[in-house]
Amino acid sequence: MDFTLSKQHEMARTLFSEFAEKEVKPLAQEVDETEKFPRETVEKMAKAGFLGIPVPKELGGQGCDVLTYAMCVEELSKVCGTTGVIVSAHTSLCVDPIVTYGTPEQKAKYVPDLASGKKLGAFGLTEPGAGTDAQGQQTKAVLDGEEWVLNGSKCFITNGKEADVYIVIAVTGTVEKRGKTMKEISAFIVEKGTPGFTFGTKEKKMGIRGSSTYELIFQDCRIPKDNLLGQKGKGFNIAMHTLDGGRIGIAAQALGLAEGALERTIAYVQERKQFGRAIGAFQNTQFQLADMATKVEAAKMLVYKAAKAKDQFNADGKTSYSVEAAMAKLYAAEVAMEVTTKAVQLHGGYGYIREYDVERMMRDAKITEIYEGTSEVQRMVISANLLK
Amino acid sequence: MALEEYKGVFIFAQQVDNEISNIAFELLGKGKDLAADLGTEVTAVLVGSGVKGLADQLAEYGADRVIVVDDPELKEYRTEPYTHAIASVIDKFKPDVFLIGATAIGRDLGPRVCARVHTGLTADCTSLDIGDFPLVAIPGREQKHNQLLMTRPAFGGNTIATIACPDFRPQMATVRPGVMQKKEKVAGAKAVVEEFNPGFTPNANYVEILEIVKEVSDVVDIQDAKILVSGGRGVGSAENFKLLEDLAAAIGGEVSCSRAVVDSGWKPKELQVGQTGKTVRPHVYFAIGISGAIQHVAGMEESDIIIAINKDETAPIFDVADYGVVGDLNKIVPLLTKQILAAKASKAEN
């Protein structure tokens, strides 16, 4: 059992961290304030290869492991939660399912542009009536000759409108299962610009305000028959499996937010003086920081372990990583919420002012307990596995 | 004063600006049925200034007799002189039943009159019958016959109460507009017209009318509408909302919409129904081209009747709809409008 990172991992982290400090941090506040999607940053990240980290080299990616990708999201999120989730949604929710389930033609057609960052990806599963209960899909896809016709809408889609390629989950019929009629669900690749595919509302959010969260609208949207991803009727499994991976990305984002808030708090309590000394000299502050740091470290171990499990799956195609991912996401998200809240407290009144980063981190942290499966869903996944 | 002395069904014939309000004709329609059950006549009480000429209209809708209280003091509705007028009519003519429309005027007038003449009043009735009180005879207790049984929703519509007024006369009720049916108009019908003036002393001790403002609002409050014609993304464009506006105009409703419509900039936010819009409870809610996500349904599921038009038969809106049509709203809505207009035209001829 070795807990030290390899040389390559250390080098990668340095690269991510320098990029985050230099390119992302200076914009973080403006991105939050103006709710502007950081397009220039995305282009710079594309150049630096951040949008294809765990993608095989032969498909135009960096050929690195999942841990490297998780560290990238972590380092970006230390300074800006928005930038972290852009990379995570693109990599885990759009590129990964195509790499895992796509036909050779689909991979060749889509992955190189996505991995190089020439194109951005997104994932459309959630609907107004189908959140945690993802089976409650209403969006339909009907085969008409050589084309699938999509009708319905998706909501809360990260990278919406900004992305060029969308994985969209839709109902393609019904199946009899154990005497019950169930929806048959399939996955599709839909490109921006397809007639009948438009964008609805941009959501105004509490946090990750630069991340573009849109409604997707399909009105008689026709896509080629070949854009079915994986087997017809396997869409639900594809979606769930994709989310297992996405949870590692979000866990890494939560971890980064917690680390960023902790770093800033450590610096602040050493500068800030009250009663004639730095507030870091008070035992309450010290113990709070000790708790925060311990939880962050525990979260980190869970996140890295989940990343390693996914690496194993990518290598052998059968290792399960869903429980590891669920635990990592559940714990890291709750730690992020707790640590950022304490960080604001330790900053006192200043922590509540938008000029200081910690209030933004606290707003950004909350979503990590909700998206890509709420904390409740993670507990369902974990306990179902314990009691099977 | 013996209760037997009280005879006849009286209705308050509300007029505003010397124009009889629709509710007066509705009350006559119901009043006639009640009078038939009681073997008596229906009398309209017309109160105002220079209103005698309106009596014939009341006759055409079924009034056997019209009592006109005409005085300059009664030109505009004010509580005090109108209460004096009606209470005096009751004292002199002794009606068995007195009905008032539950309009803004009626809801103000009814309680004042009933307190002055010391009788019972049931507010905002939706159904009126003649029957026994108690409904089922109770041994050892007298069961009275030919009582007015007044039914009204209470507790926000969650329970239905039937109320009687066995020991005092007249039995008074204010009646919800739009619930009772007018009788068919009998052109040229005449009624006995009796003028009665209890004498008015001008006084502005309590109320003085400074100004009457006729409201012209450009954006209606959809929460007050009795009928809402609501459109969703399926309507397709701002221009296409004309179909819904035509339907709303035909049926006397207002247009509202879903969030998607506001987001598309087709309609203002004031018209949005749903969790982040307004919660509405109209009598009738048309959901046209609305899929029926819970975020929308939460704002309208309390509507009395929900009618859904949607091309997708699996749309969740059909789970809450009382009536539904699966099909293209562009075809269905104009047809519906046409049918409603035709039905109204044939009704107007009668």
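How many of the 350 residues of chain B count as buried? The answer is 48%, where buried means under 20% relative accessible area, exposed means over 50% and partly exposed is in between (1.4 Å probe, protein chains only).

This is a predicted model, in which local features need pLDDT of at least 70, side-chain atom pairs count only at pLDDT 80 or more, and totals for chains, interfaces and linings use all residues. Residues are numbered from 1 along each chain as its sequence is written, chains are lettered from A and ligands numbered from 1 in the order in which they are written, and side-chain values use heavy atoms, with hydrogens and water left out.

**View 1. Chain B as a whole.** Chain B has 9 helices and 17 strands; helices (H or I, at least four residues) and strands (E, at least two) are DSSP runs, numbered from the N terminus. Its C-alpha atoms fill a box of roughly 65 × 55 × 40 Å along the principal axes. Take the contacts (heavy atoms within 4.5 Å) in chain B between residues at least 6 apart in sequence: 63% of them join residues at least 24 apart.

**View 2. B:K94 in its loop.** Look for B:K94 in the loop between α3 (79–93) and β6 (97–101) of chain B. With a relative accessible area of 18%, B:K94 is buried. B:I288 sits 194 residues away from B:K94 along the chain, and 52 Å separates their C-alpha atoms.

**View 3. A:E127 and its partners.** Here the loop is the one between β1 (121–124) and β2 (140–144) of chain A, and it holds A:E127. A:E127 counts as buried because its relative accessibility is 4%. Its side chain makes a polar contact with the side chain of A:K154, at 2.9 Å. (A polar contact is a pair of N or O atoms within 3.5 Å; within protein, one must be able to donate a hydrogen and the other to accept it, and residues adjacent in sequence count only if both atoms are side-chain atoms.) Not counting residues up to four places away in sequence, A:E127 touches several others, including A:G136, A:T139, A:S153 and A:C155.

**View 4. The nonpolar cores.** A nonpolar core is a set of buried Ala, Val, Leu, Ile, Met, Phe, Trp, Tyr and Cys residues joined through side-chain atoms within 4.5 Å. The largest one has 79 residues, and among the members that touch the most others are A:F218, A:I248 and A:V303. Helix α6 (residues 235–271) of chain A gives the most to this core, with 11 residues. Setting aside neighbours within four places in sequence, A:V303 is in contact with A:I248, A:A251, A:A252, A:L255, A:A328 and A:A332. A second, separate core of 39 residues includes B:L228, B:V229, B:V280 and B:L329.

**View 5. Where chain B meets chain A.** Chain B puts 11 residues into the contact and chain A puts in 10. Together they bury about 770 Å², 38% of it on carbon and sulfur atoms; buried area is the accessible area (1.4 Å probe) that two parts lose on being put together, summed over both. In chain B, B:R233, B:R259 and B:T314 lose the most area to chain A, together 53% of what that side buries.

View 6. One salt bridge links A:E215 to B:R233, with the closest N and O atoms 2.9 Å apart.

Definitions and conventions. Salt bridge = Lys/Arg side-chain N within 4 Å of Asp/Glu carboxyl O.
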